Amino acid sequence: MPLNTDVITQIFGRVDTITLANAACVSSHFWFVAKQENMWEEACYSLWPSTMDPGIRQLISSSLGGFRKFYASCFPSIAYDDSSENDSNYCNEMKRLHDVNTGVPSPSDFLWIVDVQYKNKPIFSKFVLGIPYANNFPGWFSESSFRVDMVNVEEEDGAEDGLPTIMSVDKVGIKDGRFWEHLMDNIMLSWIVINRRTGQAVNLSSWCPLAGQRHSSSDSSFLMRFGSILPAHEILPCKFVQCILEMKFRASHSDNGSLKIVEVSMHFEDKTGDDV
């Protein structure tokens with residue numbers, strides 16, 4: 001006797017998204033339940049709290065094909081393949097989008113969504129419409145290297161909700177590096193960019209840190225790098241660029257060593273390490 005749809009819905013509402021996607025392949029009945037938009041909407045809220053904003057919810061539902069499609073587009077990390085076939089597919093897709101959406105993209109077309117997790121729990125969420133300062137200083141924007149700042153310690157107090165104190169992890173302190181290793185193993189960053197003109201969304205982050213660096217043995221700051229490799233030969237002299245996402249933490253000098261996120265930024269580098 002097949003399970004009641006309401007029972008299956010209750011079960012699917014308690015599993016992770018990978019299990020949900022696998023279950024959809026079992027039968028047409030499971031597929032019908034697993035494709036329900038409200039399940040993927042809740043999954044997006046859990047992974048990306050920024051998507052709970054009413055404006056972003058409306059954008060995803062009306063322009064990006066819904067939450068199930070949004071999740072499928074933004075959960076995987078970008079895997080750059082420089083084979084000739086994939087290069088050709090990429091160029092054809094860019095040409096198609098250009099034909100459908102004529103005109104030069106404007107900074108206001110883009111929406112940036114950043115979410116940070118510590119031990120699979122959200123600790124920082126922010127979204128920004130457009131590219132900061134691009135419209136106010138058009139000459140500066142067109143002539144300078146590309147950069148987006150989501151957190152700037154000079155403008156904000158930083159974010160510390162949910163982050164551990166140094167002494168809660170490493171009783172010795174930060175000198176032997178164990179605390180920073182703990183952060184590297186437990187921090188995840190998602191950086192989604194939405195092109196509102198083309199109705200596309202992609203996650204530019206590697207999720208897990210690719211590298212980490214203490215500024216010095218006596219410094220209380222630590223820098224993590226995330227990122228991806230993007231094709232660029234259609235718009236730049238180089239074949240690809242590195243999308244560098246940086247997150248900087250700073251520890252206070254209090255007894256417990258409370259920690260704050262003081263910088264979250266994006267920039268691009270070519271293969272020689274020069275900013276583009």
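**Strand pairing and salt bridges in a predicted model**

F110 stands opposite N195 of strand β4. The model is predicted, so local features require pLDDT of at least 70 and side-chain atom pairs pLDDT 80 or more, while totals for chains, interfaces and linings use all residues. Residues are numbered from 1 along each chain as its sequence is written, and side-chain values rest on heavy atoms, with hydrogens and water left out.

Strands β1 and β4 pair in the antiparallel sense over nine bridges; two strands count as paired if DSSP finds at least two bridges between them. Strands here are DSSP runs (E, at least two residues), and helices are likewise DSSP runs (H or I, at least four), numbered from the N terminus. Both strands belong to an open sheet of four strands in the order β2-β1-β4-β5, with antiparallel pairing. At its edges are β2 (121-129) and β5, each of which pairs on one side only. Neighbouring strands of this sheet are turned by 15° against each other on average, direction ignored; axes are lines fitted to C-alpha atoms, for helices over the stretch in contact, with angles from 0 to 180 degrees between N-to-C directions.

Salt bridges form the next topic. Side chains of opposite charge can pair when their charged atoms come close. With a salt bridge defined as a side-chain nitrogen of Lys or Arg within 4 Å of a carboxyl oxygen of Asp or Glu, a search of the whole structure finds five. In one of them, the side chains of D109 and R197 meet at 2.9 Å, N to O. The pair links distant parts of the chain, 88 residues apart: D109 is in the loop between α7 (84-100) and β1 (110-118), and R197 in the loop between β4 (187-195) and β5 (200-203). D109 is buried at 11% relative accessibility, whereas R197 is partly exposed at 31% (buried means under 20% relative accessible area, exposed over 50%, partly exposed in between, with a 1.4 Å probe and protein chains only).

R147 takes part in two further salt bridges. Its closest N and O atoms are 3.2 Å apart in the bridge with D149 and 3.4 Å apart in the bridge with E263. Because R147 lies in strand β3 (residues 147-152) and E263 in strand β9 (residues 259-269), this pair ties together parts that are 116 residues apart in sequence. Through shared partners, R147, D149 and E263 are joined into one network. R147 is partly exposed, at 35% relative accessible area, and D149 is also partly exposed, at 30%.
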